[in-house]
Amino acid sequence: MEIVQIVGIGIIATILSVILRQQKPEFALQVSIVTGLIIFIFVISKLNYVIEVLNNLAKRIDMDLLYFSTILKVIGVAYIAEFGAQIARDSGEGAIASKIELAGKILIMVLAVPVLTSLLDLIIKIIP
């Protein structure tokens with residue numbers, strides 16, 4: 001039950017951060033960032049299994065690897081942008097968090113252009 005460990009780490013870090021925020025606010029932010037990184041690294045190792053399974057499925061259905069890698073990149077950009085925005089929001093920088101989210105959305109849109117182009121080409125071929 002990894003979620004119990006993650007929640008435990010989160011609760012301990014939250015208590016530590018609340019205590020430090022009153023006496024040393026600069027350390028509270030660092031505790032928050034380090035905790036976020038620890039949880040992110042813990043969870044990212046679990047994603048390898050999911051990526052491997054999805055990769056095998058893509059090979060089995062003979063899916064073009066360009067589309068599969070694009071989908072994985074989009075998911076990665078979304079997670080990283082969300083993580084960065086949460087760190088910025090935790091430090092009280094809501095405006096920077098919004099800019100990080102906007103940049104993530106724009107990068108996702110740029111990554112999706114080849115998939116959308118192929119989809120439109122397919123629709124044009126189907127329509128007589």
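Biologist: Where is Ser 17 placed in this predicted model?

Modeller: Ser 17 sits in helix α1.

Biologist: Why is Ser 17 called buried?

Modeller: The relative accessible area of Ser 17 is 7%. Buried means under 20%, so Ser 17 counts as buried.

Biologist: What does Ser 17 touch?

Modeller: Not counting residues up to four places away in sequence, Ser 17 touches Ala 28 and Val 31. Both Ala 28 and Val 31 are listed among the buried residues of α2.

Biologist: Which residues of α1 are buried?

Modeller: They are Ile 6, Ala 13, Ser 17 and Leu 20.

Biologist: How do you know that the buried residues of α1 line one face of the helix?

Modeller: Looking down the axis of α1, the buried residues fall within an arc of 70 degrees, so they line one face. What covers them includes α2. The face turned away from the buried side carries the exposed residues Val 4, Ile 12 and Gln 22.

Biologist: What makes α1 and α2 roughly antiparallel?

Modeller: Helix α1 (residues 2-23) and helix α2 (residues 25-60) pack at an angle of about 170 degrees, and their axes are 7 Å apart. Angles over 145 degrees count as roughly antiparallel, and α1 and α2 are therefore given that description.

Biologist: Which residues make that contact?

Modeller: On the α1 side they include Ile 6, Ala 13, Ser 17 and Leu 20. On the α2 side they include Ala 28, Val 31 and Thr 35. The residues of this contact divide into 13 nonpolar, four polar and three charged.

Biologist: How do you know that the length of α1 agrees with its number of residues?

Modeller: At 1.5 Å a residue, the 22 residues of α1 should span 32 Å. The end C-alpha atoms of α1 are 32 Å apart, so the two values agree.

Biologist: Which residues of α2 are buried, and what do they pack against?

Modeller: The buried residues of α2 are Ala 28, Val 31, Thr 35, Gly 36 and Ala 58. They pack against α1 and α3 (65-90).

Biologist: What follows α2?

Modeller: Asp 62 follows α2, and the phi of Asp 62 is positive, near 60 degrees.

Biologist: How do you know that the length of α3 agrees with its number of residues?

Modeller: At 1.5 Å a residue, the 26 residues of α3 should span 38 Å; the end C-alpha atoms of α3 are 37 Å apart, which agrees.

Biologist: Which residues of α3 are buried?

Modeller: Phe 68, Thr 70, Ala 81, Phe 83, Ala 85 and Ala 88 are the buried residues of α3. What covers them includes α2 and α4.

Biologist: Why is Thr 70 called buried?

Modeller: Thr 70, in helix α3, has a relative accessible area of 8%. The cut-off for buried is under 20%, so Thr 70 is buried. Leaving aside neighbours within four places in sequence, Thr 70 is in contact with Leu 111 and Val 115.

Biologist: What makes α3 roughly antiparallel to α4?

Modeller: α3 and helix α4 (residues 94-126) pack at an angle of about 175 degrees, with axes 8 Å apart. The cut-off for roughly antiparallel is over 145 degrees, so α3 is roughly antiparallel to α4. Among the residues making the contact are Thr 70 of α3 and Leu 111 and Val 115 of α4. The residues of this contact divide into 15 nonpolar, five polar and four charged.

Biologist: Where is Gly 92 placed?

Modeller: Gly 92 is in the loop between α3 and α4. Just after α3, Gly 92 takes a positive phi of about 85 degrees.

Biologist: Why does Gly 92 count as exposed?

Modeller: The relative accessibility of Gly 92 is 57%. Exposed means over 50%, so Gly 92 counts as exposed. The C-alpha atoms of Gly 92 and Leu 29 are separated by 9.6 Å, with the two residues 63 residues apart along the chain.

Notes
Residues numbered from 1 in each chain as written. Predicted model: local features only at pLDDT ≥ 70, side-chain atom pairs only at ≥ 80, totals over all residues. Heavy atoms only, no water. Axes fitted to C-alpha atoms, helices over the stretch in contact; angles between N-to-C directions. Helix = DSSP H or I, 4+ residues; strand = E, 2+ residues; numbered from the N terminus. Parallel < 35°, antiparallel > 145°, perpendicular 65-115°, else oblique. Contact = heavy atoms within 4.5 Å. Nonpolar A, V, L, I, M, F, W, Y, C, P; charged D, E, K, R; others polar. Expected span 1.5 Å × (residues − 1). Buried < 20%, exposed > 50% of the residue type's maximum accessible area, 1.4 Å probe, protein only. Arc of directions from axis to C-beta.
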